[in-house]
Each structure stands twice: as structure tokens, then as C-alpha cells.
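Visitor: Please take me close in on one part of this model, and then show me what surrounds it. Keep it brisk.

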Amino acid sequence: MYDYDLLVLGSGPGGQKAAIAAAKLGRRVGIVDRRDMIGGVCINTGTVPSKTLREAVLYLTGLSQRDLYGSSYRVKEEITVSDLAARTQHVITRQTDVIRNQLARNRVAMITGTGRFADAHSIWVDGGSGRESRVTFDKIVIAAGTRPARPDSVDFDDRTIVDSDGVINLQAVPRSMVVVGAGVIGMEYASMFAALGTKVTVVERRERMLDFCDDEVVESLKYHLRDLSVAFRFGEEVAAVEKHQTAALCILKSGKKIVADTVMYSAGRQGQTDDLALEAAGLEADRRGRITVDANYRTSVENIYAVGDVIGFPALASTSMEQGRLAAQHACGEPIREMHGLQPIGIYTIPEISFVGQTEAQLTENSTPFEVGIARYRELARGQIVGDSYGMLKLLVSPDDGRLLGVHVFGTAATEIVHIGQAVMGCGGTINYLVDAVFNYPTLAEAYKVAALDASNKIRNITRIDG
């Protein structure tokens with residue numbers, strides 16, 4: 001008799017949903033995590049704190065209202081770290097309480113500590129008292145998450161040189177900052193600190209940033225970040241970072257030198273599998289700490305599953321939740337449906353970006369004909385009301401049957417309104433639905449109708465000439 005039918009390692013988004021899904025199916029479920037990490041990296045140092053920080057920055061700087069009230073408009077003149085931390089800590093505390101309540105309500109046992117495998121059906125749990133206890137299980141879901149990758153050559157001190165988890169704990173808003181890496185996390189923090197007035201320099205060894213996004217959207221983001229005095233150094237690598245008494249000196253391989261109060265490394269993520277003793281269960285991870293799984297999130301060991309960031313791409317909280325639910329259902333012998341292929345991507349830069357489906361570059365590369373429909377926020381009453389003159393929505397449409405091939409949004413509420421396009425695409429809808437639909441007025445969602453009309457008019461003109 002095992003202690004648990006299903007045990008979960010990690011209480012992040014994937015772990016939570018796996019535990020609750022199994023509990024709903026009547027299984028005895030336990031979840032293992034440290035007391036100070038309930039909710040995982042997502043709640044404590046990653047997704048939720050960074051997005052809360054972004055909201056605090058937007059509010060306190062008055063940045064989103066400057067189109068209406070002038071470029072000098074600010075809600076608070078001197079913004080301190082404590083101003084930002086107050087809102088962040090409030091949200092973290094509330095979310096942690098919500099998670100604890102959900103787990104308790106579903107009778108999921110909370111096991112405090114860190115776990116490592118003893119064998120394929122048991123783990124040792126170190127609760128911090130100096131003694132380890134053995135916990136047995138029939139099935140287990142590894143949802144251990146990731147941590148920021150730290151190059152060995154860099155002397156991190158969590159004050160002058162920080163990673164993406166440590167940046168939210170800075171003691172003061174830096175006057176200048178070098179962000180190493182122009183990926184999603186790097187660009188989100190670069191835009192936040194630039195909005196706070198920090199002089200930001202982004203160093204990226206590749207020739208462009210966010211290369212999976214729509215080219216026009218990326219160019220728009222670069223334009224707005226440059227307007228906030230962000231400098232870009234593409235095709236450059238950091239050779240060394242020297243710590244001095246009052247600042248850091250960042251030396252690039254090209255010989256350039258940049259002085260900054262803070263250097264933030266955003267060099268990818270590393271799976272937190274080092275201390276799990278995977279070999280005791282017959283498993284192994286790759287050099288980035290990631291575990292290989294099949295279509296049902298089962299590892300090479302039949303009773304062991306893995307979900308979330310620890311299995312690699314796409315490594316999003318949204319997809320991790322669904323992976324956890326599906327893994328638990330499969331582990332419990334329940335019939336499951338595959339995760340839908342249409343997964344939206346949300347990037348919380350300032351302004352924000354979101355898209356679903358294919359990009360123009362992908363369609364062109366695949367020789368897939370498409371037409372473009374565009375709506376600009378400045379043409380919408382709601383866009384004027386919220387003070388967003390730069391936002392846009394782009395629809396990529398098949399000229400043959402009017403199906404949506406891609407939806408790309410840049411600007412206010414991009415990560416919210418992208419789901420309208422996702423729903424239409426998922427149901428096999430066409431732009432005719434959007435043309436004929438009635439949207440609340442005034443709303444940003446109305447952009448779908450404007451963009452659909454733009455695309456349908458272009459398709460009609462081509463058909464009229466070309467037959």
C-alpha cells in the first residue's frame with residue numbers, strides 16, 4: 001500500500017493543476033515543496049512578481065497616460081523600490097493564500113520540504129529538521145521548474161550583478177542597467193526599468209530580438225523602447241563584468257565598455273533537477289536539466305511523469321497548467337484529449353505583445369498565400385480613451401477561404417484580446433464571422449471588425465481584378 005496514489009514534486013502552475021486534477025478523480029494526492037516556495041517560481045520570483053511590478057511601473061510613472069496629459073505627467077515623482085515592492089508582496093501573499101486554500105479544499109496533502117528519489121516509487125523528504133522521511137507513491141509528477149542559468153564566468157552578487165529572479169529584490173532603482181540577453185524576460189525587464197527612468201543598454205549576441213514574433217511588431221517595440229532611451233547592442237557578447245565600488249564595468253568582446261549601476265543576466269533557464277537524485281529512479285536529465293517525456297508527459301520510467309518548465313519549450317505558466325492536468329488524468333487512467341495546437345504567446349513588455357498562429361515570415365517561407373488586415377488603436381474610440389495611439393491588431397487571412405492564419409497584437413491589453421482570435425481560429429472560423437459580429441462599443445476588441453473589413457476589402461479587390 002503506497003502513501004499516495006499520486007505525488008507531485010513542486011507546487012508551481014503545473015504541479016498545482018496535476019495535484020488538483022488527480023484529487024478531483026478521487027485519488028490520494030500529496031504535493032512536496034518548500035514552505036517559502038508555495039506556488040513555485042511563478043508566484044514567488046517569476047511570472048506574478050514581474051507582471052505585478054509592470055503594473056506598478058505603469059501606474060506610478062503615468063506612462064500610459066502621457067498621450068493624454070503630456071510627456072511630463074507622473075503619478076509619483078520619486079519612485080522607490082519600496083513603492084514597487086509593496087504591491088508585489090501584496091499580490092504574492094494573496095496568491096499564496098489562494099493556492100493553499102485550493103489544495104486544502106481538494107484534500108491535497110501539503111508536504112513541506114525538498115524531495116529526492118530513493119527509487120521509482122519513493123522519495124526522501126528533507127523538511128529542514130535534519131532528519132529525512134520516506135514517502136511512497138504509485139505515480140509521481142515532477143514539476144520542479146527551472147532557475148535562471150548562471151554562467152560560471154560571472155560573479156553574481158545579487159546587488160550589482162543579478163539574474164532575472166534576483167532583479168525584483170534590488171535595493172534601489174538603478175540609474176543605469178545593462179541587460180544581457182534580448183529574450184522575453186530580458187526585454188520585459190528592460191522595458192520596465194526604462195519606464196522608471198533607468199538608462200538601459202541591451203546586449204544580445206544574435207542580430208535581432210524576439211525572432212519568433214512578427215517583424216513589424218518587433219520593430220514597433222524597438223521604436224518605443226528607443227523612445228525610452230534604451231540602447232541596443234546586437235551581434236555583441238559580454239566578455240567580462242568588473243565590479244567596482246560604485247558601479248560595474250561591462251566589457252564586450254568587441255572591446256566596447258559600458259558602465260552601469262546594475263548588470264542583469266537573462267541567459268535562459270536551467271531545470272531544477274540537480275538535487276532530485278533522478279538516477280535512483282532510473283532517469284536522467286540533459287545538460288540544461290530538462291527531462292524528456294512522451295506525448296502524455298510520461299518519462300522513460302512508466303510511473304513517472306514530468307510537466308512544466310522542466311521539460312522545456314514552451315515553458316509558459318499557461319501551458320504548464322494544462323500539461324499538469326493532462327499528465328494527472330493519464331496517470332489516473334482517464335481518457336484525455338491532446339493539448340490544442342493553438343497556444344497564445346504573451347510578452348509583457350511595455351507596450352505588450354501577444355500572438356497566436358503563424359507569422360508573415362513563416363507563411364512566406366511555406367509559400368502559403370495570405371492577406372493582411374490591420375486595425376490601429378488610434379482609429380478606435382477606445383484607443384483614444386485609454387491614450388494608446390500606437391497599438392495595432394494584425395490579422396493574417398487565407399484569401400482562398402477567409403480562415404484566420406495568425407493574429408498579432410501590439411499595445412494595451414494585447415494579451416487579453418488575442419484570445420478572441422484564438423477562439424475564432426480554434427473553431428475554424430473565418431473573417432466573415434468577425435465582419436458580421438457586433439462588438440461592444442467603445443472597446444479595443446472592435447479592432448477585430450476593423451481589421452477583418454480591411455482584409456476582406458483587399459481580398460475582394462484582388463478577386464475583382466484576377467477573377
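Guide: Gln245 counts as exposed because its relative accessibility is 79%; exposed means over 50%, buried under 20% and partly exposed in between, using a 1.4 Å probe and protein chains only. The model is predicted: local features need pLDDT of at least 70, side-chain atom pairs count only at pLDDT 80 or more, and totals for chains, interfaces and linings use all residues. Residues are numbered from 1 along each chain as its sequence is written, and side-chain values use heavy atoms, leaving out hydrogens and water.

Gln245 sits in the loop between strand S12 (238-243) and strand S13 (248-252). Helices (H or I, at least four residues) and strands (E, at least two) are DSSP runs, numbered from the N terminus. Thr160 is 85 residues away from Gln245 along the chain, yet their C-alpha atoms are 9.8 Å apart.

Now turn to Ser11. This residue lies in the loop between strand S1 (4-9) and helix H1 (13-24). Its relative accessibility is 0%, so Ser11 counts as buried. Its side chain makes a 2.7 Å polar contact with the side chain of Asp33. A polar contact is a pair of N or O atoms within 3.5 Å; within protein, one must be able to donate a hydrogen and the other to accept it, and residues adjacent in sequence count only if both atoms are side-chain atoms. A polar side-chain atom of Ser11 also lies 3.3 Å from the backbone oxygen of Met37. Beyond neighbours within four places in sequence, Ser11 is in contact (heavy atoms within 4.5 Å) with residues including Gln16, Ile31 and Gly40.

H1 packs against helix H5 (residues 81-105) at about 25°, with the axes 10 Å apart. Axes are lines fitted to C-alpha atoms, for helices over the stretch in contact, and angles run from 0 to 180 degrees between N-to-C directions. H1 and H5 are therefore roughly parallel, a label for angles under 35 degrees. The contact is made by Gln16, Ala19 and Ile20 of H1 and by Ile99, Gln102 and Leu103 of H5.

Last, a sheet. Five strands form an open sheet in the order S8-S15-S9-S10-S11, with parallel pairing; strands pair if DSSP finds at least two bridges between them. Strand S8 (161-163) and strand S11 (231-234) are the edges, each pairing on one side only. Strand S9 (residues 176-180) joins strand S15 (residues 262-265) through four bridges. Val178 has Val263 of S15 as its bridge partner.

Notes. Angles under 35 degrees count as roughly parallel, over 145 as roughly antiparallel, 65 to 115 as roughly perpendicular and the rest as oblique.
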